[in-house]
Amino acid sequence: MGVIRTEELLLNVGPQHPSTHGVFRIIVKLDGEIITEATPVMGYLHRGTEKLAESLNYTQIIPYTDRMDYVSAMTNNYVLVHAVEKMMGLRVPERAEFLRLIVMELQRIASHLVWWGTYLLDIGALSPFLYAFNDRERILQLFNELCGARLTYNYMRVGGVKWDAPEGWIDKVKAFVKSMYGKLDDYHALVSGNEIFLSRIKGVGAYDAETAIAYGLSGANLRSTGVKWDLRKNEPYSLYDRFEFDVPVGRNGDCYDRYVVRMEEIRQSLRILEQALEQFPPEGETMGKVPRVIRPPAGEIYVRIESPRGEIGCYIVSTGKAEPYRLKFRRPSFVNLQILPKLLVGESMTNLVTILGGIDIVLGEVDC
Amino acid sequence: MSEEERKRPGEPEDDVSAASAGEQRTGTLEDGVSAANIGERRSGAPEDGGSAVSAGEKRTEAGAAATGAGTPRPKAAETAADGARTEPAAPARRKETEEEKAARRKAALEAREAAKAAKAAAAAQDAAAQAGSPGAAQAGPQAASPGAASAGPAGAAAETNEPPPKPPSPNQPRLDRAVQLLRELVADDAVESASINEANDHLPTLVVRKERWLQAARLFRSHEELNANYLRNVTGVDYETHMEVVYHLLSLDSGHNYAIKVRTDRDRPSVPSVTTVWETANWNEREIYDLLGIDFPGHPDLRRIMMPDDWEGHPLRKDYVPLDPEV
């Protein structure tokens with residue numbers, strides 16, 4: 001037996017691969033099982049939303065935002081209408097703002113549930129996925145009752161919301177929130193202490209706060225390193241400054257901390273929901289006074305809100321016309337994904353899926 | 001017989017869809033807007049846009065009036081739907097009346113605008129009078145809320161009342177300081193202009209000379225007073241006369257925001273890369289290169305990121321013409 005000849009292996013993962021959460025491709029160079037280089041390739045879902053927006057009026061753009069981060073369409077709706085409202089100095093009726101906040105927090109829970117289920121599926125646990133989608137389904141049902149859609153809601157409008165809450169809807173949300181606390185405990189009992197799970201994610205894909213900031217990470221990806229930065233707290237928008245909630249942070253910046261932060265965020269969202277549902281105004285307008293044709297004054301604005309994935313921003317350049325001159329979305333998935341090649345170098349091939357899943361991307365948003 | 005049979009089950013369905021389509025069109029104001037644009041597309045000619053929009057406007061107005069007068073909604077919806085259905089049948093005739101309508105509409109609009117301006121002036125005067133009284137700050141429900149006392153209402157207040165003696169922006173000192181630092185530590189000519197973007201929470205906005213941008217970026221990143229360690233967003237804008245790259249910076253420690261603009265000419269657009277300062281810039285610059293064709297000298301890996309590698313042209317440019325018009 002002579003010496004075994006070894007050479008580097010170039011391996012293509014994706015674009016159609018279940019663990020890439022969409023059409024995402026990554027070319028990895030392998031030395032044995034260890035990744036020496038990783039090159040992400042994307043754009044398969046690029047639809048030119050920003051270009052299309054330049055020939056649409058603002059109300060027409062709202063459905064396009066649904067299709068960016070399709071797991072969290074409500075927050076996408078909000079960032080656009082919020083930007084336009086701010087530009088025009090519009091006042092949104094309180095009831096509408098409450099409805100927006102409630103759906104955004106429900107959406108955060110739904111989004112984190114999708115992440116939780118699929119992440120465990122990536123790692124090899126099938127049943128959590130079924131639990132997660134069961135509970136997420138209840139949120140989608142609530143949305144369906146509210147606006148007639150399960151995923152692409154097109155619910156918010158400049159100046160308010162399209163539909164008022166139907167009779168009894170608020171009580172249904174209350175019942176959901178109440179039961180979700182117990183479900184969350186079940187999830188922890190089912191997964192969080194599992195030794196195999198912990199050995200797969202503890203210490204994997206770790207980075208420090210300085211790196212996270214340099215890469216512009218946001219959301220749980222940033223908070224897992226201990227940076228307490230949540231736009232709902234630090235740059236409050238909507239009605240978030242009225243409610244009490246904590247910003248969970250991690251310490252080690254690894255996949256485990258990101259897991260813990262996201263799970264805790266579900267609990268904090270439930271807390272916000274409890275308070276919001278309690279204070280929900282029994283009656284009132286759901287649409288503010290809005291001009292017939294929405295023409296923001298000439299100028300520019302950048303607004304940002306905390307989406308389940310991090311900072312989603314909207315930059316509008318208006319020339320005073322009904323269509324934006326330039327509309328740019330700062331998509332958290334796109335920015336967060338940038339750190340992936342750096343994290344993968346030196347890791348084993350099995351950890352690729354763990355790390356990618358831990359970042360929590362939605363390809364519709366990466367490619368926009 | 002069979003035809004009739006086929007028709008009958010189809011009828012209610014048709015009605016439902018027509019009603020819902022009509023409802024969408026007449027339902028609320030902003031849907032009227034979208035209807036207007038549908039109209040615009042149908043009439044085809046882009047230069048006709050203004051008149052088409054106003055025609056759409058009229059239609060919603062009629063719808064709103066009908067619902068306001070207590071007419072059952074489906075009826076109004078039906079008429080609107082009918083209108084929509086006949087629309088493509090007689091485009092030529094419609095266009096004529098449309099132009100007439102547009103002229104009338106324009107006159108009405110101008111009158112309304114004038115009235116509005118007068119009203120706004122009166123409101124501004126009122127607001128100015130109120131600003132002095134202590135109760136004015138608590139007028140809005142937002143201001144009454146416990147934590148909202150910080151940026152939000154203050155910005156809103158500054159926006160709504162714009163009396164001639166404008167109060168200086170709370171961020172003016174920060175802007176002045178940033179300009180001063182750039183002039184002292186980078187170069188005298190580093191800053192082309194500086195302003196406060198009031199609508200955007202009084203965002204300090206600086207236009208930095210292209211040649212000085214890399215140095216200025218380093219200063220923003222490392223100077224302890226500015227400490228802008230977080231690059232939020234990078235946007236490229238094609239202004240037709242020139243190109244502009246906008247950087248939104250944030251200091252995570254102080255929570256201070258800055259917007260930096262770097263301008264470049266349109267024929268050979270190029271802005272120095274700041275990937276060495278903020279890693280975030282890497283993919284953002286690639287995206288801008290891909291979609292707008294701005295070169296970023298110093299970028300480690302400047303290639304397309306969204307479009308295929310062999311794509312011709314840069315789609316977000318205002319003069320972009322697709323190679324294959326079918327696509």
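Predicted model: local features only at pLDDT ≥ 70, side-chain atom pairs only at ≥ 80, totals over all residues.
**Entry 1: Ser238(A).** Ser238(A) counts as partly exposed, because 16 C-beta neighbours lie inside 10 Å, and a buried residue would need 20 or more. I then located Ser238(A) in the loop that runs between helix H10 (231-234) and helix H11 (255-279) of chain A. The phi angle of Ser238(A) is near 50 degrees, a positive value in a residue that is not glycine.

**Entry 2: Asp360(A).** I placed Asp360(A) in the loop between helix H14 (349-359) and helix H15 (363-367) of chain A. Phi is positive here too, near 65 degrees, and Asp360(A) is likewise a residue other than glycine.

**Entry 3: chain A as a whole.** I noted 15 helices and 10 strands in chain A. Of its 368 residues, 55% count as buried. The radius of gyration of chain A is 21 Å, which agrees with the value near 21 Å for a compact globule of 368 residues. Along the principal axes, the C-alpha trace spans about 85 × 45 × 35 Å. I also recorded that, among contacts between residues at least 6 apart in sequence, 69% join residues at least 24 apart.

**Entry 4: the contact between chains.** I found 41 residues of chain B in contact with 46 residues of chain A. Elements of chain B that each supply at least two residues to this side include helix H2 (29-43), helix H3 (49-68) and strand E3 (230-238). By class, the side of chain B that touches chain A holds 20 nonpolar, 16 polar and five charged residues.

Technical notes:
Residues numbered from 1 in each chain as written. Chains lettered and ligands numbered in written order. Helix = DSSP H or I, 4+ residues; strand = E, 2+ residues; numbered from the N terminus. Rg over C-alpha atoms; globule rule 2.2 N^0.38 Å. Buried ≥ 20, exposed ≤ 12 C-beta atoms within 10 Å, placed from the backbone. Contact = placed C-beta atoms within 7 Å. Nonpolar A, V, L, I, M, F, W, Y, C, P; charged D, E, K, R; others polar.
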